[in-house]
Amino acid sequence: MDSPTPPLTFATRFIYGRKRGGAAPGRAFHAPRVVFFKPRYPVTENETRPPLCRCAGANPAGEWPFWVVAVLVAVFAAYSGLTLDRIRQAAVFPYQLDAEEGYMLDQALRFADGRGLYESIAQPPYLMDNYPPLYPALWSVFARRTGPSLAPGRWLNAAAALLAIVAVGAIVWTAGRCVLLASLCPMLVLSSRSWLRWSAYARVDVLAVALTLWGLWLFAASVRSERPREWRLAAAALFALALLAKQTVVAAPAACLIWLLANDRRGAVRFFVEMAVLAAIPLLALCIGTRGQYWLHLVIYNRNVMHWNELAWWIRLAWILSYPLIVAIGILAIHALCRFRSSESCPFNPQSAIRNPKSEPSIRGLALAYLTMNVFSFLSLAKSGAAENYLLEPACAVAVFLGAELGVLLGRVRLEPRRWTNQALCAIVLALLVFQAARYRPIFLSLCRSAPAPTVSALIQGDRVVREIESRPGPVLSEDPIYALRAGREVEFQNFIMTQLALEGKWDETPFVRRLDRGEFSLIVAHQDLTDPNRFFNRYTPAMLDAVRRRYVAVAVLPREPPLQTIFLYAPRPSKEENPAP
């Protein structure tokens, strides 16, 4: 007597992807979306398994890697929780945690006031708007001159971070239909040093990466779509929109173009033309509307000096933090190159693989191209003023490639559990990932402590600076513009960028130095002792420092808990006091 069909629960629908009563007679069995658990009941006589998943769930020798991945998911979920907690803490902190946050708020306020960005730097205020207008335009919806706040910008950045990690999971899911890897890879991203820091700041970078990742997902989804042209056009539109958030996010569209050149040259020409048109229209409109200043601010002024010794420092830091992960990625890259032309189909979704046997290797090729493009973009860390934001997209590229290639390897272990080479390679890669997870705990906690974070002392000293500015009439010069903005003053000068432009001969600092000599600024808020001749200064030229030392005197030193810097306040010397020699 046949056993009755067990009740259909949400779990069985999710795991086995079918409705009560089984498939219709003669219809092929829909394979599990995630073949990780054994079936609760046998296959009925009307259901047939395709050959690709014949050993799925039947041999315990092919199941062990998935339990290891499940443990990794739990470990990195705990690390990701600390990143999310840092985002929550930073969102309610009223003062800057990053040097550029105040300038982004100033752009949003100017946008809200109807004032233009990308003005000439020959006249005050001396500000360079070095990013496209999308992020400050979105922020301007919530920006107000009365009580200006960084919170809307930070929450906008947090929302973009959520979209970015969901996009990473969606790309990995599209590549392999494995829910464990689609969960692990976003957590790897959130646990990285760059995302730990940058996801809490009000900056443009995370939004740009989120848009480009969703464009990459649309392109990856076009591989299996019956209407790929529409999907690729939508991807090109998102890539063009990402360029309106940050002008350097070109790794994903370049990877898509490389993939098309290898698979569909006519499609590559069509995609290139679509991208060029969609990116050129807003570029030309902004250049014409600003009389060429948009191009000067974003391209000409952004050509900074390259310090290759700093690139070596970043490489050493990446190796110290994540050398097991780097070795694992290298092994998987060699594995991908060796079997790149393999016609094996995706083990996690046999039905889609039967319909399009080349789809899985194609997405793997796209992930490899994306990783390669981000390796080249890693070189931009040698640029003067480069920080962790240059590692945001490479971290996502590593996670996407890891998910796509590890999914293939896990599938081969499941389908061929007796083949020792697959078992050995999978064991080595997973052992490296487990080692990374185990050794990363003290490192990640140290990264959390070293990242700029809200403190009571920072709040108290920030309020004191604002009160000091309010008590002094006239313009102020503040390295952190948030103090001037909260006191109702205008931002007058962008220290680091204008200093670099002056040193490169792109900006004449003479009028600004004369203002310093005349003591026009009622207060200077600095993060270094400007009177110390033995310090290295990258926010003031030698001429600026000489003028400050001649005309200004220190009035207060406000210490803050590390890693936040001490605040130094300088006021003009009384006119009757003799100016000492510098």
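Guide: The expected span of a helix is 1.5 Å times one less than its number of residues. Helices (H or I, at least four residues) and strands (E, at least two) are DSSP runs, numbered from the N terminus. This is a predicted model, in which local features need pLDDT of at least 70 and side-chain atom pairs count only at pLDDT 80 or more, while totals for chains, interfaces and linings use all residues. Residues are numbered from 1 along each chain as its sequence is written, and side-chain values use heavy atoms, with hydrogens and water left out.

Visitor: How does the span rule apply to helix H18?

Guide: Helix H18 has 15 residues, 456–470, and at 1.5 Å a residue it should span 21 Å. Its end C-alpha atoms are 21 Å apart, so the two agree.

Visitor: Which residues of H18 are buried?

Guide: Buried means under 20% relative accessible area, exposed over 50%, and partly exposed in between (1.4 Å probe, protein chains only). In H18 the buried residues are Ser 457, Ala 458, Gln 461, Gly 462, Val 465, Val 466 and Ile 469. They cover an arc of only 165° around the axis, which puts them on the same side of H18; the arc is that of the directions from the helix axis to the C-beta atoms. An α-helix has 3.6 residues a turn, so residues three or four places apart point the same way. Val 456, Ile 460 and Arg 467 are exposed on the other side of H18.

Visitor: What do the buried residues of H18 pack against?

Guide: Contact means heavy atoms within 4.5 Å. The partners are strands S1 (476–478), S2 (523–526), S3 (552–558) and S4 (567–572), together with helix H19 (481–486).

Visitor: How are two packed helices described?

Guide: By the angle between their axes and the distance between the axes. Axes are lines fitted to C-alpha atoms, for helices over the stretch in contact, and angles run from 0 to 180 degrees between N-to-C directions. Helix H2 (residues 64–91) and helix H6 (residues 179–190) cross at roughly 35°, and their axes come within 8 Å. The crossing of H2 and H6 is left-handed. A crossing is left-handed if the near helix is turned anticlockwise from the far one by less than a right angle, and right-handed if clockwise.

Visitor: Which residues make the contact between H2 and H6?

Guide: Among them are Phe 66, Val 69, Phe 76 and Leu 84 of H2, and Leu 180, Leu 184 and Met 187 of H6. By class, this contact of H2 with H6 has 14 nonpolar, three polar and no charged residues. Ala, Val, Leu, Ile, Met, Phe, Trp, Tyr, Cys and Pro count as nonpolar, Asp, Glu, Lys and Arg as charged, and the others, Gly among them, as polar.

Visitor: At what angle do H8 and H16 pack?

Guide: Helix H8 (residues 205–222) and helix H16 (residues 392–415) pack at about 35°, with their axes 10 Å apart. H8 passes H16 in a right-handed crossing. From H8, Asp 205, Val 206, Val 209, Thr 212 and Leu 213 meet Leu 392, Glu 393 and Cys 396 of H16. The contact of H8 with H16 has five nonpolar, one polar and two charged residues.

Visitor: Which peptide bonds are cis?

Guide: The bond from Pro 124 to Pro 125 is cis, with omega near 0°, and Pro 125 lies in the loop between helix H3 (101–112) and helix H4 (134–140). Another cis bond joins Pro 562 and Pro 563, with omega about 10°; Pro 563 is in the loop between S3 and S4.

Visitor: How far apart are Arg 449 and Pro 563?

Guide: They are 114 residues apart in sequence and 8.3 Å apart in space, C-alpha to C-alpha. Arg 449 lies in helix H17 (residues 420–450) and counts as exposed, at 60% relative accessibility.

Visitor: Is Arg 154 buried or exposed?

Guide: Arg 154, found in helix H5, counts as buried at 2% relative accessibility. Not counting residues up to four places away in sequence, Arg 154 touches residues including Phe 93, Tyr 95, Glu 101 and Tyr 135.
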